[in-house]
Amino acid sequence: MDHTLDISLTVNGEAVNERVEARKTLVDFLRDDLGLTGSHVGCEHGVCGACTVRVNGAIVRGCLMLAAQCDGAKVETIEGVSDSGAVADLQEAFEKRNALQCGFCTPAMLLTTQELLASGGALSRDAIREHISGNYCRCTGYHAIVDAIESVAQQRARNENR
Ligand code: FES
Ligand code: FES
């Protein structure tokens with residue numbers, strides 16, 4: 001029996017038409033079929049957050065969603081978000097404050113943080129920690145990540161008030 005199906009979606013603004021295995025996860029589809037390897041695969045069961053991508057504007061675990069479920073959807077990955085410049089200040093702050101070491105968690109951390117920063121205004125460190133609590137980092141101890149996010153939140157709030 002054929003367990004493949006055709007899907008049509010947009011990925012980072014580009015139309016994609018592919019035949020996929022019914023059981024293929026979204027993150028495997030992005031990485032293996034489209035070569036978008038910025039989304040990582042860690043635990044493969046929804047715990048670590050390394051596979052975070054955006055589907056129809058919402059942050060999702062790419063390992064818990066099937067590619068087939070994204071037929072007709074708008075998918076955004078770190079590649080598209082990074083190319084758009086939307087997180088350029090965040091990327092700069094991560095680099096400046098050593099908020100990444102191996103970098104495995106970083107693409108997902110940036111996408112998750114972008115969602116938090118979209119709400120605007122200054123953020124408490126507790127609120128930042130709470131929001132990124134679904135994204136594991138094995139290297140940094142999180143302090144530098146919170147520092148980087150806090151600094152960008154403050155800078156964006158200052159820019160808004162000008
Ligand atoms: S790989 Fe998806 S949550 Fe860990
Ligand atoms: S920088 Fe290595 S897992 Fe976060």
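A salt bridge here is a side-chain nitrogen of Lys or Arg within 4 Å of a carboxyl oxygen of Asp or Glu. Side chains of opposite charge can pair when their charged atoms come close. In this predicted model, a search of the whole structure turns up 7 salt bridges, and a few of them deserve a walk-through.

Take Arg156 and Asp89. Their closest N and O atoms sit 2.8 Å apart, which means that the pair passes the 4 Å cut-off and counts as a salt bridge. Arg156 belongs to helix α6 (residues 143–160) and Asp89 to helix α3 (residues 88–96), so this bridge ties together parts that are 67 residues apart in sequence. Neither end is buried: Arg156 is partly exposed, at 24% relative accessible area, and Asp89 is partly exposed too, at 32%.

On the α3 side, Asp89, Leu90, Ala93 and Phe94 take part, and they meet Ile145, Ala148, Ile149, Ser151, Val152 and Arg156 of α6. Sorted by class, the contact has 7 nonpolar, 1 polar and 2 charged residues. As for geometry, the axes of α3 and α6 come within 9 Å and cross at roughly 140°. The helices are therefore oblique to each other, and their crossing is right-handed.

Arg19 lies in strand β2 (residues 14–21) and Asp6 in strand β1 (residues 4–11), so here the linked parts are 13 residues apart in sequence. Arg19 has 47% relative accessibility and counts as partly exposed, because the exposed class begins over 50%.

Lys24 and Asp33 make another pair, their side chains meeting in a salt bridge at 2.7 Å, N to O. The two ends fall into separate classes of accessibility. Lys24 has a relative accessible area of 18% and is buried, whereas Asp33, at 28%, is partly exposed. The line between those classes is drawn at 20%, so Lys24 falls under the cut-off.

Finally, there is a case that goes beyond a simple pair: Arg125, Asp147 and Glu150 are linked in a network of salt bridges.

Key. Residues numbered from 1 in each chain as written. Chains lettered and ligands numbered in written order. Predicted model: local features only at pLDDT ≥ 70, side-chain atom pairs only at ≥ 80, totals over all residues. Heavy atoms only, no water. Helix = DSSP H or I, 4+ residues; strand = E, 2+ residues; numbered from the N terminus. Buried < 20%, exposed > 50% of the residue type's maximum accessible area, 1.4 Å probe, protein only. Axes fitted to C-alpha atoms, helices over the stretch in contact; angles between N-to-C directions. Parallel < 35°, antiparallel > 145°, perpendicular 65-115°, else oblique. Left-handed = near helix turned anticlockwise from the far one by under 90°. Contact = heavy atoms within 4.5 Å. Nonpolar A, V, L, I, M, F, W, Y, C, P; charged D, E, K, R; others polar.
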